[in-house]
2 protein chains.
Amino acid sequence: MTERFSFQIHATDGKARRGTITTPHGKVRTPAFMPVGTQGTVKAMFMDDVRSTGADVILGNTYHLMLRPGAERVARLGGLHAFSRWPHTILTDSGGFQVMSLAQIRKLTEKGVTFQSHIDGSRHEMTPERSIEIQGLLGSDIQMQLDECLRLPATAKEIDRAMRLSLRWAARSREKFVAMGGPEKGQGLYGIVQGGDDAALRAVSAAELASMPFEGYSIGGLAVGEPQDVMLQMLDIVCPLLPAEKPRYLMGVGTPDDIIKSVARGVDQFDCVMPTRAGRHGLAFTRFGKINLKNARHADDPRPLDEESSCPAARDYSRAYLHHLVRSGEALGAMLLTWANVAYYQSLMQGIRDAIEEGRYADFMAETSEAWARGDLQPL
Amino acid sequence: MTERFSFQIHATDGKARRGTITTPHGKVRTPAFMPVGTQGTVKAMFMDDVRSTGADVILGNTYHLMLRPGAERVARLGGLHAFSRWPHTILTDSGGFQVMSLAQIRKLTEKGVTFQSHIDGSRHEMTPERSIEIQGLLGSDIQMQLDECLRLPATAKEIDRAMRLSLRWAARSREKFVAMGGPEKGQGLYGIVQGGDDAALRAVSAAELASMPFEGYSIGGLAVGEPQDVMLQMLDIVCPLLPAEKPRYLMGVGTPDDIIKSVARGVDQFDCVMPTRAGRHGLAFTRFGKINLKNARHADDPRPLDEESSCPAARDYSRAYLHHLVRSGEALGAMLLTWANVAYYQSLMQGIRDAIEEGRYADFMAETSEAWARGDLQPL
């Protein structure tokens, strides 16, 4: 548990990379998908089951945790690893995205943002320094700089202004991270590339950040509604400008298809609420594509979601039972489908890693996409 | 799996009995608490965890299952054991209680009840014969006769009428159960004692049923809001009139205190939504009494609910974390507290069984009640 942050690349296949991030709380096999544990829990799952799916790292949300139960409280209780009983690697966001999407913003200045909590209306200030302080109190292994997340569409001028503010905040975040002893604790801090859907601004942001000493680099402000090809185009511009020896994290992405295509462009880490949220809404991600368990075609189907899955939720429960649970609004439906979805995402990542190691990533992508396109099992 | 229904009493202590019910799906140690699995799931729990708490039997609700997913469908899918992945003993109610509490009743006649589904308003008929047919389709090991469950308060005349109708339905239920081959399948059918809070009518009901060949006897229409001493008084009247060699099931009961006092009067089986429902509302049952995890006193408490519990949910998670989950409305809060509560009820039953075997049931009751009265741990 005294290892320091490091990243090793074991194999590449085209631009895809197979690596390992080492943190004080373990090793993260990359490309990695990080289940979202917003409030100190991956919704509707036991942490043991999250781990058993193959997850090496989960994401915690700084914004939510600072408001409830509070960063200082979590620190008194031994940090987020002990509090949430996840002894493996934790990555935290900076809180910036939620401040701008969930809270009522009062004022954005050079210094930071003041906002009101969406829970109780209480007033808070978020600065680059406070974000790093909170992430330190939580004990996060992989921390994010505070950035300004614009809502798109925005003018080029606005995107430029926000991107340059984020760069200045990156420098302040780094300074605070060092002052907090982050490097000595073995933690890592990532800078975040912004620039909206503007290729030139993305390039500026990436090049500027690359000149600063971060342990890794995030790509933010994508997967916010733009077409997939715009996102991939931005990756094509940004990834080559980032240091090859540092991990790259595409924030908030995405669908299985987004992931395989982004890996092909050199992305190493992903997070998304999609598998967990979909699980609470009766949707399953599988190697046959997306399956809606609410659909009446499943009502009499004794087959499991995927008899070849290693996840009990996907392998051992009939579709008829899952359909019944979802239709009845039973908690067990959400529990099982969340588990099955997180397991599917992790098995996808394992497939990606194996394929890169074996130099057959292009074939893997094609086969996987074809299987999704073939769709679900035929009705009995 | 070919055992036939039987009941053996291994030890008694006063009127308390320590026994074993054998069914085609296993052995049930009595006194037994049966977690409620209304719609083919014990809400917010995996069946493996239900089993690991020590439960030998769960209850399924005929009313809910006949409406959704439907008894014939469950039968086609292999019966309720296979459908819900609970391979151990299942007891079903007759559906009568829910028909009268949840559905809109259209007509109650000698033949049965017609009602409208609370889900979609569809019209259904429930007769003693149909109830047994449904329970047979579900594959229930321990079945209940259809009875008329009055809402109290009711006049003595009304209670008398409903009790006598229930006796006639008992005879019809038995006939259907035999016609369905229940005895050959090793299943059991229980008659249900009614009579409200009227001692004389309870005595008539118990004596009449005792003259009919049931595998066991239920005591219904109690724990519906009457004072505990009225319930216990009814047990004092009814239990001695029931065949000593047959199990006795007090339906819908109850609090831990109700249970220990009812066991002392000769009751062998219980079911109640209390541990599961309370778990979804932030309440924990423990040997220290009932604990409200919503209370701010737990916000900074690193201690578990009960460090001596054998249940991971009660033993391994801090009160601070449980408090946070409950306050945040996270599913994991309900999952953990439901598990902890079912485990507490099962550990209480194990304590009851051990005490009866060892002839110290009166002491056990006194010690257990004292511990509840002493209350929760002092704040740190």
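Is A223(A) buried, partly exposed or exposed? A223(A) is partly exposed, with a relative accessible area of 35%; buried means under 20%, exposed over 50% and partly exposed in between (1.4 Å probe, protein chains only).

This is a predicted model, in which local features need pLDDT of at least 70 and side-chain atom pairs count only at pLDDT 80 or more, while totals for chains, interfaces and linings use all residues. Residues are numbered from 1 along each chain as its sequence is written, chains are lettered from A in the order in which they are written, and side-chain values use heavy atoms, leaving out hydrogens and water.

**Chain A**

Chain A has 16 helices and 16 strands; these are DSSP runs numbered from the N terminus, helices being H or I of at least four residues and strands E of at least two. Of its 380 residues, 60% count as buried. The C-alpha atoms of chain A fill a box of roughly 60 × 45 × 45 Å along the principal axes.

**Backbone features**

| Site | Feature and value |
|---|---|
| T30(A) to P31(A) | cis, omega about -5° |
| R68(B) to P69(B) | cis, omega near 10° |
| A44(A) | positive phi of about 70° |
| A223(A) | positive phi near 55° |

P31(A) lies in the loop between β3 (26-30) and β4 (32-35) of chain A. A44(A) is in the loop between β4 and α1 (47-52) of chain A, and counts as buried because its relative accessibility is 4%. A223(A) lies in the loop between β12 (216-219) and α10 (228-238) of chain A. In chain B, P69(B) is in the loop between α2 (62-67) and α3.

**The interface**

Contact (heavy atoms within 4.5 Å) links 34 residues of chain B with 34 residues of chain A. The area buried between the two chains is about 3,000 Å², and carbon and sulfur atoms give 58% of this; buried area is the accessible area (1.4 Å probe) that two parts lose on being put together, summed over both. F46(B), R85(B) and H324(B) supply 21% of the area that chain B buries against chain A, more than any other three residues.

There are six salt bridges between chain B and chain A, a salt bridge being a side-chain nitrogen of Lys or Arg within 4 Å of a carboxyl oxygen of Asp or Glu. In one salt bridge, the side chains of D300(B) and R73(A) meet at 2.9 Å, N to O. On the side of chain B that touches chain A, α3 (71-76), α4 (79-84), α13 (319-327) and α14 (331-357) each supply at least two residues.
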